[in-house]
Structure formats: structure tokens, C-alpha cells
Amino acid sequence: MQERSQAARILEQHSEAVLNDAVAIFPFAGADSADQTRTANLADLILQLLVIAVRDAELDPRTGRVAELRQVALDLGLTVRQLFGLVYVIERAALDEVALDESFGATTEAWPGIAQVVRRGSFDVLAAVAERIAREPGQSALHDQLTALHTRAVLLAVLEKEIQ
């Protein structure tokens with residue numbers, strides 16, 4: 001537990017460097033980042049979620065921040081693959097910064113555990129986003145996955161329109 005809180009504190013302390021590195025690297029990860037400010041805002045939101053996941057050992061996909069992350073990614077036109085790529089880039093930048101920390105870095109005995117906690121936090125962010133996407137109304141809300149027929153909600157909406 002102490003490792004988690006210390007790792008979260010170090011991530012917060014080095015957040016500016018992590019964000020600068022991630023935003024600079026992101027275009028090379030196959031994403032068009034024409035809007036650097038919005039990309040930086042998205043990266044900041046991911047880092048906030050990573051800090052929460054590291055500190056609390058879990059991340060609830062129903063939180064407003066996860067919903068905000070999904071919406072900002074949609075507004076930027078990022079695919080799920082690109083969003084996951086950005087989470088990975090932030091994880092790598094975060095690990096680089098934590099590794100350089102004198103009190104908790106790669107040369108300390110605690111490093112393997114800390115690295116694992118940060119990697120797990122990254123996975124938790126990805127899992128929360130994936131679960132949020134799966135819960136969102138979209139194509140799956142229009143069609144039944146088993147039968148490929150329209151759902152009851154669509155039938156009722158069409159019926160109401162026809163009645164009117």
C-alpha cells in the first residue's frame with residue numbers, strides 16, 4: 001500500500017515531464033496530433049486516471065473522468081487503438097520518470113514492485129475505457145448481437161413515429 005501511494009505521489013510530482021514526453025512522442029505512435037492543446041488535455045486526463053489507478057489499485061469505469069476521457073477521444077477523432085496507444089505512451093513516460101527519481105528509482109530495491117504497480121495502473125485505465133465503450137449506447141444498442149435484428153427500443157421508436 002505504501003508503494004502505491006508513493007508511486008502515485010511521484011507520478012503527480014513528475015506529471016509535467018510525463019505529459020511533455022507523451023505529447024511529443026504521440027505523433028510517432030501513429031496518431032495525427034494537429035491539435036496539441038487537446039492532445040495535451042487528453043494526456044493529462046489519462047495521467048490523472050493512471051494516478052488514481054496506481055493509488056487505489058482499481059478504477060471504476062462509471063466515473064465521470066472515464067466518461068470524459070472517452071468523449072475527448074471521440075472529439076479528437078481517435079480510434080480505440082490510438083487511445084490505447086496514448087495510454088501506453090504515457091505509461092512508458094511515467095515509468096521513465098519514476099525510474100529517474102532518486103528516492104524510488106530503477107536502482108532501488110523497490111523498483112520491480114513499483115514498475116509493476118504502474119503497469120497494472122495502465123492496464124486498469126485501459127480496462128475502464130474498454131468497459132465504458134462496451135456500455136455506451138451505439139451500434140450494439142441498435143441491433144441484437146445474437147439475431148442481428150433491431151432491438152425493442154428501435155422497434156418502439158419506429159412504431160411511435162409511424163403512429164404519429
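Helices here are DSSP runs (H or I, at least four residues), numbered from the N terminus; the model shown in these views is a predicted one.

**View 1. R70, a buried arginine in helix α4.** R70 sits in helix α4. With a relative accessible area of 11%, R70 falls under the 20% cut-off and so counts as buried. Skip the residues up to four places away in sequence, and what R70 touches is V80, I133 and E136.

**View 2. Helix α5 packed against helix α6.** Here α5 (residues 80-100) meets α6 (residues 111-135) at an angle of about 160°, and their axes are 10 Å apart. That angle is over 145 degrees, so the pair is roughly antiparallel. The crossing of α5 past α6 is right-handed.

**View 3. Side chains at the α5 and α6 contact.** On the α5 side, the residues making the contact include V80, L83, F84, V87 and L95. From α6 come, among them, W111, I114, V118, L126 and I133. Sorted by class, this contact has 17 nonpolar, one polar and three charged residues.

**View 4. The largest nonpolar core.** This core has 44 residues, and L42, I46, L50, L59, L69 and I90 have the most contacts inside it. The largest share, 11 residues, is supplied by α3.

**View 5. Zooming in on L42.** L42 is one of the core residues with the most contacts inside the core. Neighbours within four places in sequence aside, L42 is in contact with L69, V72, A73, L76, L78, L83 and L86.

Conventions. Residues are numbered from 1 along each chain as its sequence is written. This is a predicted model: local features need pLDDT of at least 70, side-chain atom pairs count only at pLDDT 80 or more; totals for chains, interfaces and linings use all residues. Side-chain values use heavy atoms; hydrogens and water are left out. Axes are lines fitted to C-alpha atoms, for helices over the stretch in contact, and angles run from 0 to 180 degrees between N-to-C directions. Helices (H or I, at least four residues) and strands (E, at least two) are DSSP runs, numbered from the N terminus. Angles under 35 degrees count as roughly parallel, over 145 as roughly antiparallel, 65 to 115 as roughly perpendicular and the rest as oblique. A crossing is left-handed if the near helix is turned anticlockwise from the far one by less than a right angle, and right-handed if clockwise. Contact means heavy atoms within 4.5 Å. Ala, Val, Leu, Ile, Met, Phe, Trp, Tyr, Cys and Pro count as nonpolar, Asp, Glu, Lys and Arg as charged, and the others, Gly among them, as polar. A nonpolar core is a set of buried Ala, Val, Leu, Ile, Met, Phe, Trp, Tyr and Cys residues joined through side-chain atoms within 4.5 Å. Buried means under 20% relative accessible area, exposed over 50%, partly exposed in between (1.4 Å probe, protein chains only).
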